[in-house]
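Dear colleague,

My notes on what was found follow below it.

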Amino acid sequence: MSEPTAAHRGETLTYFVEGMDCANCVQKVERLVGRLPGTGEVRTSFSRQTLQLHLDETQTPRQSLESHLRSLGYVPTLRSAAAQARPPQHDHPEAGHTGQDHLGHGHSNHNHSSHEKLAAGTPWFRGTQGRLVLVSGTLLALAWILSLSLPALGYAGFAAATLLGVWPLARKAFVSARLGDLFSIELLVTLAGVGALLIGQAAEGAVVVFLFALGELLEGVAAGRARAGIQALAALAPKTALLLEPGGVREVPADALRVGQRVQVNPGGRVPADGLIVAGTSHLDDSPVTGESMPVSKVAGDRVYAGSINTDGTLTVRVEKEAADNTIARIIHLVEEAEEHRAPTARLIDRFSRWYTPGVVLVAALVALVPPLLFGQPWPMWLYKGLALLLIGCPCALVLSVPAAITSAIGAGARRGLLIKGGAVLERVGIIKTVAFDKTGTLTAGRPRMTDILAGPLPGTVVERSEVLRLAAAVESGSSHPLGRAVVAEAQAAQLTVPTAAGAKALPGQGVSAVVEGRTLWVSSPAAAGSVLSLPNGLLQSVEVWETEGKTAVVLHDGSSVLGVLALRDEPRPDARAALARLARLGVSTVMLTGDNPRTAQAIAADLGIQAQAGLLPADKLRIISELGKRGGVAMVGDGINDAPALARADVGVAMGSGTDVALETADAALLRDRVGGVAELIALSRDTMTNIRWNIGLALGLKAIFLVTTLLGYTNLWMAVLADTGATALVTANALRLLRWHGGRAGGLDTESPETGDRNTGTLNTRGRAAGQVSGAEQ
């Protein structure tokens, strides 16, 4: 029998790795851990500085793993199982507030030796890297002053500044080489600094290590800015909540809340958990979670989200999600997934950089050795040029060019309610040629209203309108589909007593059935009902008229006869027409795929100016997506269980924020604001990001190419050569950080006002998702 693998006999560990907060750091840790025996399933998170792996301690004890990480300058801390289950909590002024406190802002609080994250309000020069820059810079300045009058002392000062800056780099370079990473950035800078001393160029060696340390400091500051949005999001949920108990109100930790408990949210406080309002009316500011700018009026029965701000009334909320599964935790999880699923361009750059640095080192060695050995050229001059080439070989800017832009773009998207599951997804969105939309809950608001009820006299039945509504509501009572909810809401508004239903079953694309008052009833689409029953001509004529008006008809029937017909209309979202027009301006074609009847679909499509294919089952949507994919990239936008296969098959699946959990988990991206315009914003964000990446790569390689030529021609000194890396790194980072200020793309964001009414479209995040397997009687 074969020896069991680590994945079968080890355990999964999660570490907080202090200092692993840049793209190069993540690569270094992954390479180190990947080389150790007994490790597998290695996952790193830049934004949370975490390392997760499966470790077989019979091959590599965890103490050995931690020792290796420390030797590289990182400080690993093993997280407990409870800590792994919770969303991250950072030291933030708001973090200690209860759900009733007022708002505050701050930053996280972790230190380390390179790219540290300082406590809120701590100046950069208090950190280790900041102190190193200040001390080496001061020595450099003093040495320069001394060199003007006392050259010998000046040279000693330059040498001291060089050694001070080189020492920590040399230690890291030695450890990296011992662990298999021979051509590390620290090694290149160390060789350049020490080499400059050996050939009598201490002043330039001091400038080289100072500029490198300064670049590391700036990179750390930039990395902190890129993470700030997600860390601030993690701090939104209050740490305590006001739990309602029979004896009164008690303050408890928010992460101790359990599903079904009730909490009180006072005016001015934050909602402590995702839940459902059971009493009270108020306006809630969801902007911290969804990015929506306008407060939304909510009443009993509406959803609320952890971190949202209650602006006026007192609310009683029933907890629906525990802390580890609330909206904020899911957003953070999506961002972490985004880091793990790297863009193809990032993977290409990683592979290129593995060959690029050794190649430059080889060229530098040839430049330093060949002319003196074969052609009798002076050693100092060619050694100097070789050292300059070593600095040009540092791949910092190149390695940063893609992940810095991707991280910034995903953070900017999250603030606008655009959740993207990875750099690969972000890259694919930009090349989409066709977007296929579901109708109900996607292009339409998903809040249909009852317009007509047709009851007896129908052949074989004498049923009152109220009886049709009562029985249909009973069948739909277990459904969370918008059409089903509309039927139930109408019955409640009419104050009808709805009987209990049993054995509810969903038939995707056809309807739903249940046992009501001892008999099996169905609420089906007319086509599904017509396949098992003979529908009267009068009924069919009424259905045809309704459908041409854009209404959806559903038939209530038992196994032998029709009991009634109900008509509902779901209005298009206020921004749908403008969103589709913007997609057209972006060169993207659109099509509506729906299970609804052709006449209703065409009425909605004509109003929006989009092509439509109707009467589709889930398998039909899957087939059409496959056909569209042959013509170029295709995206599918939907919200329901029946959309999940098409979302998975499309090049990019996009779920509306009001969609089911199945759709949200299957999709590659999600629109929290519940606006069709988010699709155009996704595409614009992707294209802007890829433009940014192309500029970054061009800057990184272009500057190196220029300095390579000027070095060989003798025009570049060492401190200028290090600018080929440090300068390019600063430019690439600054360019990538521009994406943090992204506000809708070059074409501009969509107007949030309805062009028809001028009303503000608050884009309320409605997560009344369907339970698995439950759909409306009329398939969307």
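A residue is called buried if its relative accessible area is under 20%, exposed if over 50%, and partly exposed in between, with a 1.4 Å probe and only the protein chains counted. Please keep in mind that this is a predicted model, in which local features need pLDDT of at least 70 and side-chain atom pairs count only at pLDDT 80 or more, while totals for chains, interfaces and linings use all residues. Residues are numbered from 1 along each chain as its sequence is written, and side-chain values use heavy atoms, with hydrogens and water left out.

Strand β3, residues 50–55, is mostly covered, with 5 of its 6 residues buried. Helices (H or I, at least four residues) and strands (E, at least two) are DSSP runs numbered from the N terminus, and two strands are said to pair if DSSP finds at least two bridges between them. On that basis, β3 pairs in the antiparallel sense with β1 (residues 11–18) over 6 bridges, where Glu11 stands opposite Leu55; β3 is also joined by 5 bridges to β2 (residues 39–45), again antiparallel, and there Arg43 has Gln52 as its bridge partner.

Strand β2 also holds Glu41, which has a positive phi of about 50 degrees although it is not a glycine, and which counts as exposed because its relative accessibility is 54%. A positive phi, near 55 degrees, is found for Gln495 too; this residue lies in the loop between α18 (482–493) and β17 (501–507) and is exposed, at 71% relative accessible area.

Elsewhere, an open sheet of 6 strands runs in the order β6-β5-β7-β13-β8-β11 with antiparallel pairing, and its edge strands, each pairing on one side only, are β6 (248–253) and β11 (303–304). Within this sheet, β5 (residues 240–245) is joined to β6 by 6 bridges, and Ala241 has Val252 in β6 as its bridge partner.

As for the side chains, Lys385 lies over the face of Trp382, at 4.1 Å from the ring centre; the criterion is that NZ of Lys or CZ of Arg be within 6 Å of the ring centre and within 35 degrees of the ring normal. Leu374, in helix α11, is exposed, with a relative accessible area of 62%.

Best wishes
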